[in-house]
Amino acid sequence: MTEPRIAPLDIDSYHRLEREAFGADGWTGTAHVSRTWAHSPGLMKAQRPLQHYLLNDSPLPARDRELAILRVVWRRRCEYAFGQHVRMSAAAGVTPDEVERVTRGPGAEGWTPFEATLLRAVDELHDDGDLTDATWAELAETYDRAQLIDLIAVVGRYWTVATTLNTLGVPPEPGLPGFPASGH
């Protein structure tokens with residue numbers, strides 16, 4: 001897709017909508033993703049608390065969350081979300097080599113057994129909308145119940161984000177990282 005199906009809202013209109021929806025504490029960014037969500041103000045406002053929780057308050061370790069997000073948006077072929085989370089994953093301790101390795105999946109050399117299980121869980125949720133009993137049991141050896149639920153929610157949330165961004169054709173901002181050159 002060369003042109004977005006729905007272009008991002010202009011910056012001034014977006015900032016006005018943010019103030020109306022969230023008051024003085026509203027986000028004042030300019031990202032295309034936020035400005036595109038803004039065409040549906042109710043959805044924009046409704047999804048914000050979930051997004052905040054998953055990225056800031058969830059008991060899921062940030063590194064695990066970012067590996068899961070990178071894997072699901074890679075599987076959905078959403079370069080915009082992948083680029084955003086390449087940036088975010090660095091703060092969570094994910095290295096550039098690991099970002100590239102995410103594209104090769106759970107069987108790639110270098111993952112710990114748990115990291116391979118985590119990525120396999122993302123693939124199972126992506127492909128089947130469920131986890132095998134073996135994958136569930138392996139995750140449950142490390143995660144408590146809240147973390148197990150939150151992992152499923154993160155994968156589902158980012159499946160939705162990636163599908164929405166791809167379908168709407170949200171354009172990347174200049175300088176946003178893309179897929180690795182060696183990506184499969």
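Tutor: In helix α3, the buried residues are Met-44, Gln-47, Gln-51, Leu-54 and Leu-55. This is a predicted model, where local features need pLDDT of at least 70 and side-chain atom pairs pLDDT 80 or more, while totals for chains, interfaces and linings use all residues. Residues are numbered from 1 along each chain as its sequence is written, and side-chain values use heavy atoms, leaving out hydrogens and water.

Student: What covers the buried residues of α3?

Tutor: Look for contacts, meaning heavy atoms within 4.5 Å. The cover includes α1, α2, α4, α5 and α9.

Student: Where does α3 bend?

Tutor: A bend is the angle between axes fitted to the seven residues ending at a residue and the seven starting there. α3 bends by about 30 degrees at Gln-47, and Pro-49 follows within four residues.

Student: Is Asp-150 buried or exposed?

Tutor: Asp-150, in helix α9, is buried yet has no salt bridge. That would take a side-chain nitrogen of Lys or Arg within 4 Å of a carboxyl oxygen of Asp or Glu. Arg-65, the nearest side chain of opposite charge, is 9.3 Å away.

Student: Which side chain does Asp-150 join in a polar contact?

Tutor: A polar contact pairs N or O atoms within 3.5 Å; within protein, one must be able to donate a hydrogen and the other to accept it, and residues adjacent in sequence count only if both atoms are side-chain atoms. Here the partner is Tyr-53, at 2.6 Å.

Conventions: Helices (H or I, at least four residues) and strands (E, at least two) are DSSP runs, numbered from the N terminus. Buried means under 20% relative accessible area, exposed over 50%, partly exposed in between (1.4 Å probe, protein chains only). Lys and Arg count as positive and Asp and Glu as negative; His and the chain ends are not counted.
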